[in-house]
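Visitor: Could you walk me through this model and tell me where its labels come from?

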Amino acid sequence: MVDISILMGSESDHAIANRVTKVLDDTKYSYEVNVISAHRDPEKLENHIAASDAKVFVAIAGLSAALPGVIASKTMKPVIGVPVSAKLGGLDALLSVVQMPPGVPVASVGIDNGANAAKLAIRILDLIE
């Protein structure tokens with residue numbers, strides 16, 4: 001059983017994931033880190049979400065940043081999006097993360113701010129523990 005599932009859309013997002021795990025390493029909460037692209041491997045992503053016992057998802061994504069929204073559309077669990085500064089200073093990813101359609105909520109932290117994503121996940125888990 002894992003408390004937080006950290007998902008990245010690309011191997012190039014590991015630096016941001018490391019910012020998340022660095023904060024989580026000093027807590028009682030467990031986590032897993034996986035690379036699953038919403039675009040390149042949607043079936044694998046859907047299977048992961050369905051099988052996961054995580055209580056919170058942290059989704060790290062750049063460019064169109066579809067990953068957080070896709071996850072939120074497949075689960076009722078909290079999803080925290082971390083936009084990545086891959087292009088356009090990360091503004092494209094930030095806008096993609098915050099502009100979710102009605103009924104598909106995604107919390108967003110600042111561009112490349114994996115540490116804040118971890119801290120928000122901790123606050124959520126502290127409320128439900």
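Predicted model: local features only at pLDDT ≥ 70, side-chain atom pairs only at ≥ 80, totals over all residues.

Visitor: Why are H2 and H3 called oblique to each other?

Guide: The axes of H2 (residues 42-51) and H3 (residues 66-74) come within 10 Å and cross at roughly 50°. Angles under 35 degrees count as roughly parallel, over 145 as roughly antiparallel, 65 to 115 as roughly perpendicular, and the rest as oblique. So H2 and H3 are oblique.

Visitor: Which residues make the contact between H2 and H3?

Guide: On H2 they are Leu45, Glu46 and Ile49, and on H3 they are Leu67, Val70, Ile71 and Lys74. Contact means heavy atoms within 4.5 Å.

Visitor: And what makes H1 and H5 oblique?

Guide: H1 (residues 14-24) and H5 (residues 114-128) pack at an angle of about 40°, with axes 7 Å apart. That angle therefore lands them in the oblique class too.

Visitor: What is the handedness of the crossing of H1 and H5?

Guide: H1 passes H5 in a right-handed crossing. Right-handed means the near helix is turned clockwise from the far one by less than a right angle, and left-handed means anticlockwise.

Visitor: Which residues of H1 touch H5?

Guide: Ile16, Arg19, Val20, Val23 and Leu24 of H1 meet Gly114, Ala115, Ala118, Lys119 and Ile122 of H5.

Definitions and conventions
Residues numbered from 1 in each chain as written. Heavy atoms only, no water. Axes fitted to C-alpha atoms, helices over the stretch in contact; angles between N-to-C directions. Helix = DSSP H or I, 4+ residues; strand = E, 2+ residues; numbered from the N terminus.
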